[in-house]
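Please look at the sequence and the structure shown below before reading on. The report that follows takes the two chains in turn and then looks at where they meet.

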Amino acid sequence: MKKKLEIVAYKCKKCGKLHYPYHDRCLKCMNREFDKVEPQGNAKLLTFTRIYNLPWGFDERYLTIGVVEFENGIRAMGRIKADEKYALKTGMKMLPSWEPIRVQYGENVYGLTLEPGG
Amino acid sequence: MRDVAIIGAGIIPFGRRDEDTLMDMLAYASLKALDDAGLGDKSVDAVYVGNMGGGIIQHQTAIASSLVDRLNLLPAAAETIENGPASGGSAFKNGLLAVASGYYDFVLVVGGEKMREVTGWRATDFVATMTHPQAEYPYGITLPGLAGMFTRLYMEKYGVTREMLVSVALKNQEMGTLNPFAHVEMAISKEGILDDPASIVNNPTVADPLHLYDACPVSDGAAAVVLCPLDMAKKLNKVPVQIVGFGQATDNQTLQEREDPTDLKAVTLAAQKAFDMAKLKPADIDVAELHDAFTILEIAESEHIGFFKKGEGGKAALAGKTRLGGQIPINMSGGLKARGHPVGGTGVAQIVDIVFQLRHELPKDRQVKNAQKGLTINFGGFGNNVLVFILRRVEQ
């Protein structure tokens with residue numbers, strides 16, 4: 001069964017600005033009260049990179065990572081599931097999922113994954 | 001507030017220094033700066049040490065306390081300043097403010113890092129610990145990765161090309177071959193890293209669209225300066241270098257939360273503060289050391305600091321305007337790209353290089369003729385904590 005995206009963004013109750021990750025004070029108006037908002041719909045790829053010099057903790061040959069914007073305006077980083085031959089382009093639609101992105105201390109760590117063509 | 005001057009500067013060769021501990025390097029650079037200042041066996045009032053990774057890489061904390069003991073600078077006040085890759089700049093700022101306030105007269109500032117005692121895998125992870133712990137780090141993002149995403153946006157928005165990026169790498173590596181303190185002393189050619197089909201082997205992708213020669217090396221190294229009030233400096237033999245401008249600014253930690261991720265707001269704001277304080281404008285600067293951890297950053301910073309209009313920095317680099325003898329010579333030390341980037345040491349090393357320039361002590365092939373005013377940008381995180389300093393030669 002597909003897992004729910006466990007990304008929680010915070011919408012300022014006063015000015016409506018969306019925040020992800022969390023801030024204690026609104027980045028626009030300094031207000032301290034927020035409504036929790038979940039990402040909705042597909043996501044648009046804003047930028048991406050494919051990294052070949054990986055940090056400790058990864059055994060893959062490369063990682064493809066991007067930043068997307070969801071239909072309700074939330075922006076988040078995610079792992080892109082596309083091999084080297086796939087021609088990624090900024091602006092393309094991505095299908096989001098919540099899946100294991102790494103293993104730490106023997107446990108799966110879940111995060112946002114993105115598949116082109118959503 | 002008192003006017004403050006640099007009266008001593010020292011740097012040790014950057015690179016892979018297997019024979020030295022972190023403390024060895026900090027001590028060597030400190031002694032060179034103290035000797036350069038002509039302080040002899042005298043002590044200083046305070047010591048500020050810029051270091052990012054001692055606690056993680058060397059499993060060593062309270063580094064400044066250890067350094068004053070090793071150098072017998074006791075009972076000087078001592079603090080270690082950790083502010084990511086801007087640790088050196090932050091340590092220098094603390095020294096500057098301490099002397100300017102009138103609380104201390106003689107202050108030693110040293111920055112250093114020993115990164116090569118762990119594998120590249122570990123060093124990359126150590127540097128990535130400055131990313132957001134929930135929204136970025138778990139994905140395996142690295143600083144080259146953030147730079148790659150930034151570069152893609154900058155290329156799309158401003159038409160920066162790989163040839164422009166390569167022109168920065170060529171200039172800085174050429175300057176590195178002339179700098180005895182540089183980590184990378186290897187000349188490269190455009191053919192070898194861009195034009196020739198073999199360049200895909202020589203210059204592989206590190207973080208698309210950035211390649212190996214777009215990135216700085218992982219370095220060991222340290223640098224140090226001695227500060228005192230300008231009126232005291234004028235009584236000493238060295239040409240004093242006054243700190244006439246300083247600015248620091250911060251920005252959102254994650255690129256995704258910046259309204260325009262290509263806008264390095266903290267650079268612009270820190271520069272405005274520094275230029276306002278110095279009562280100078282970008283055109284008054286004779287030489288600059290910018291934080292070129294990646295070639296794109298030299299181009300973007302040269303625009304955000306005001307040397308060139310937005311979108312013109314890459315063209316200026318390609319046209320040779322940032323070379324020795326050009327409109328504004330940038331990174332005549334080789335920059336982070338060739339001098340190297342021991343993260344906590346870089347901010348101080350930049351100051352040392354500008355001091356050498358303003359004292360007119362460098363050989364002709366690196367010396368900006370009659371340089372009077374210099375500028376540094378020390379860029380922390382991915383542009384979320386930036387320090388800008390403006391220095392001026394004081395004629396005796």
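## The model and its confidence

The confidence of the predictor in each residue is expressed as pLDDT, which runs from 0 to 100. Chain B averages a pLDDT of 97, and 100% of its residues score at least 70. For the model, the scores are ipTM 0.97 and pTM 0.97. Where pLDDT is low, the predicted coordinates should not be read in detail.

This is a predicted model, in which local features need pLDDT of at least 70 and side-chain atom pairs count only at pLDDT 80 or more, while totals for chains, interfaces and linings use all residues. Residues are numbered from 1 along each chain as its sequence is written, and chains are lettered from A and ligands numbered from 1 in the order in which they are written.

## Chain A

Helices and strands are DSSP runs numbered from the N terminus, where a helix is H or I with at least four residues and a strand is E with at least two. By this rule chain A has zero helices and eight strands. The C-alpha atoms of chain A fill a box of roughly 45 × 35 × 30 Å, taken along the principal axes. A residue counts as buried if 20 or more other C-beta atoms lie within 10 Å of its own, as exposed if 12 or fewer do, and as partly exposed in between, with C-beta atoms placed from the backbone; of the 118 residues of chain A, 33% are buried.

Two strands are said to pair if DSSP finds at least two bridges between them. In chain A, three strands form an open sheet with antiparallel pairing, in the order β2-β1-β3. The edge strands of this sheet are β2 (18-19) and β3 (34-37) of chain A, each of which pairs on one side only. Strand β1 (residues 9-12) of chain A is joined to β3(A) in the antiparallel sense over four bridges, and K11(A) stands opposite D35(A) in β3(A).

## The sheet of chain B

Chain B contains an open sheet of nine strands with mixed pairing, in the order β3-β2-β4-β7-β1-β8-β11-β10-β9. Because β3 (77-81) and β9 (287-289) of chain B stand at the edges, each with a single partner strand, one side of each is left without a neighbour in the sheet. Neighbouring strands of this sheet are turned by 25 degrees against each other on average, direction ignored; here axes are lines fitted to C-alpha atoms, for helices over the stretch in contact, and angles run from 0 to 180 degrees between N-to-C directions.

Within this part of the chain, strand β4 (residues 107-114) of chain B pairs with strand β7 (residues 220-229) of chain B in the antiparallel sense over eight bridges, and V107(B) stands opposite L227(B) in β7(B). Helix α1 (residues 22-37) of chain B lies across β1 (4-11), β2 (46-50), β4 and β7 of chain B, and runs at about 35 degrees to β7(B).

How far apart are the end C-alpha atoms of helix α7 (residues 162-178) of chain B? They are 25 Å apart, which agrees with the 24 Å that its 17 residues should span at 1.5 Å a residue, the expected span being 1.5 Å times one less than the number of residues. Twelve of the 17 residues of α7(B) are buried, so this helix is largely enclosed by the rest of the structure. What covers those buried residues includes α8 (190-195), α12 (295-304), α13 (313-318) and α14 (335-338) of chain B.

Helix α12(B) is mostly covered as well, since ten of its ten residues are buried, and its cover includes α6, α7, α11 (265-278), α13, α14 and β10 (373-380) of chain B. After α12(B) comes G306(B), whose phi is positive, near 105 degrees.

## F294 of chain B

F294(B) is found in the loop between β9 and α12 of chain B. Is F294(B) buried or exposed? It is buried, with 28 other C-beta atoms within 10 Å. Two residues are in contact if their C-beta atoms, placed from the backbone, lie within 7 Å, and F294(B) touches A147(B), L210(B), D214(B) and A215(B), not counting residues up to four places away in sequence.

## Where the chains meet

The contact takes 30 residues from chain B and 27 residues from chain A. On the side of chain B that touches chain A, α5 (120-128), α6 (143-158) and β5 (205-207) of chain B each supply at least two residues, and α6(B) gives the most, with seven residues.
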